Amino acid sequence: MSYTPLLFGNDEQKRIVATITEAEMQTSGEIKVHIEAKCPDADVMERAKVVFGELSLHNTKDRNGVLFYLAHEDRKFAVLGDKGIYEKVPHDFWESTKDKLRAHFKKNEFVEGLCEGIEEAGQQLRKYFPYQSDDINELPDDVSFG
């Protein structure tokens, strides 16, 4: 779909994409952001799993894709990693990232929250999935909208 809310205009999208690109220079992990106005599912994690599949985030060599999902009008979000991540990281791996997102989202600072969360994810993933010299960008860094 071509839904692009005003709070995510071209400049904001460019800022998010630049943050993804920079974060991915620290890790072989792949980061994707998907934004919707409303979450069509009662459970935000279930919706994130559907979007994860639709965006083919499971199609990375090391199964280390990460989705930042935001339904801004419903004030719901999720951070979801692929199987390869959950096999290596502690159970509470995403908590500090979620805390950063939550703090900004409460103030309607969606772009700032996403950028800070993406930076945190890149730093965290670097410990388990360091950047490799032969690393290729397996997924597009653009922001997708539903």
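In the predicted model, Glu73 is partly exposed, with a relative accessible area of 47%. This residue lies in the loop between β2 (65-71) and β3 (76-81), and its C-alpha atom is 5.6 Å from that of Lys38, although Glu73 and Lys38 are 35 residues apart in sequence.

Two further loop residues stand out by their backbone geometry. Ser56, found in the loop between α2 (44-54) and β2, has a positive phi of about 60° although it is not a glycine. The loop between α2 and β2 also contains Arg63, and here too phi is positive in a residue other than glycine, with a value near 50°.

At the level of the fold, the secondary structure of the protein chain consists of five helices and four strands, which follow one another along the sequence in the pattern α-β-α-β-β-α-α-α-β. The radius of gyration of the protein chain is 14 Å, close to the 15 Å that the globule rule gives for 146 residues, so the chain is as compact as a globular protein of that length. The C-alpha trace spans about 40 × 30 × 30 Å along its principal axes. Of the contacts in the protein chain with a separation of 6 or more, 71% are accounted for by residues 24 or more positions apart.

Buried residues make up 49% of the 146 residues in the protein chain. Cys39 and Cys115 illustrate this class: because buried means under 20% relative accessible area, Cys39 counts as buried at 10%, and Cys115 is buried at 4%. The structure holds zero disulfides.

As for the surface, the protein chain exposes about 7,500 Å², of which carbon and sulfur atoms supply 49%. The charged side chains of the protein chain comprise 19 positive and 28 negative ones, and the centres of these two sets lie 4 Å apart.

Key. Residues are numbered from 1 along each chain as its sequence is written. This is a predicted model: local features need pLDDT of at least 70, side-chain atom pairs count only at pLDDT 80 or more; totals for chains, interfaces and linings use all residues. Side-chain values use heavy atoms; hydrogens and water are left out. Helices (H or I, at least four residues) and strands (E, at least two) are DSSP runs, numbered from the N terminus. The radius of gyration is taken over C-alpha atoms; the globule rule is 2.2 Å times the number of residues to the power 0.38. Buried means under 20% relative accessible area, exposed over 50%, partly exposed in between (1.4 Å probe, protein chains only). Contact means heavy atoms within 4.5 Å. Accessible areas come from the Shrake-Rupley method with a 1.4 Å probe; for residues, only the protein chains shown count as cover. Lys and Arg count as positive and Asp and Glu as negative; His and the chain ends are not counted. The place of a charge is taken as NZ of Lys, CZ of Arg, CG of Asp or CD of Glu. A disulfide is a pair of cysteine sulfur atoms within 2.5 Å.
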